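Here is a short briefing to read alongside the structure. Take a moment to look it over, then follow the topics below.

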Amino acid sequence: MPTRTGVFFTQHFIVLLSSAIPIIVLFISLPALEIVFYRTLIAFIVLGIFSYIKNYKLILGVEDLSKIILSGILTSLYWVLLMVSAKISNATVSLIGISSTSVWISFLTPFIDKRRLNYLQILIGGIVIFGIVIITQSDFKHPLGLFVGMLAGLFGAFVTVLNARLSKGFHLYVITFYQMVGAWLGTLVFIPIYYYFIHENDFKVLFPNLKDLILIGTLVFVFSIFIYSQFIKLMKSISPFIVTLSANLSPIYGIIIALLFLGDNEKMGFSFYIGAFLIIGSVILYPILERKRR
């Protein structure tokens, strides 16, 4: 059983790495949907081979399999919206949008788990939203990117709550494998609809160039396999709300990384730092208040 300190550092290391996803996406020439298509295709092939070599049990019942596949489809929606948000705005705005996940979770969890509302979670979630609002007040030029990012946060909340349940009954790589299958199937089904309604029947298969393949490979091995499986592993010992509350630090980590790689395009005003302080404060404040409440 991992120690609390080990869980803490693992959790924040995952958040730090995850904050780089929108930045990597900006360097890939393909549209968001194609990125998710290739990312999930490669991921489930690699995980399938790995699971076969390791003799992990891949034969599941219909009910269990359908639940994991469904969570994979929701994952594809989350990733596509996250990448669309980054493409139409910038990495920082995208990360700020998905930091709303903890707020969504504070409302979704009681309904899904059929228990009473946790008003402390709602309060902390409200502080996060207030921080997001402050961040967006100074010369903000990307409202659509923020909206799409927050919509991604909603689907991310569904995925997180489902993963918290699934993590208790299956090996983390088995869950990740079938979720990548579900994410790929969800993307595959959506591609014809996407091209019919958005590209006006201008359907053409887009293939990644060498640079795209390297970056997509990074997304696959570092983010789709390593981080995603570790994320599921964390769910065995901490709640979905704690996981996503810490993920609210993504905009802070992301802005630092983005400034290093993208320069002036990612600079934010003074209000960003005030909002960031509120988000960081919520991460620190919640476990203290929760312990006192109990």
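Buried means under 20% relative accessible area, exposed over 50%, and partly exposed in between, using a 1.4 Å probe and protein chains only. This is a predicted model, in which local features need pLDDT of at least 70, side-chain atom pairs count only at pLDDT 80 or more, and totals for chains, interfaces and linings use all residues. Residues are numbered from 1 along each chain as its sequence is written, and side-chain values use heavy atoms, leaving out hydrogens and water.

**Helix α3**
- Ile-45 sits in helix α3, which covers residues 32–53 (helices are DSSP runs of H or I, at least four residues, numbered from the N terminus).
- With a relative accessible area of 42%, Ile-45 is partly exposed.

- Glu-63 makes a salt bridge with Lys-67, and their closest N and O atoms are 3.6 Å apart.
- Both residues belong to helix α4 (residues 62–88), where they are four residues apart, about one turn of the helix.
- Glu-63 is exposed at 55% relative accessible area, while Lys-67 is partly exposed at 42%.

**Helix α6**
- Several residues of α6 are buried, including Val-103, Ile-105 and Leu-108.
- A kink of about 30° lies at Phe-107, shortly before the proline Pro-110 (the bend is the angle between axes fitted to the seven residues ending there and the seven starting there).
- Just after α6, Lys-114 has a positive phi of about 55°.

Methods: Helix = DSSP H or I, 4+ residues; strand = E, 2+ residues; numbered from the N terminus. Salt bridge = Lys/Arg side-chain N within 4 Å of Asp/Glu carboxyl O.
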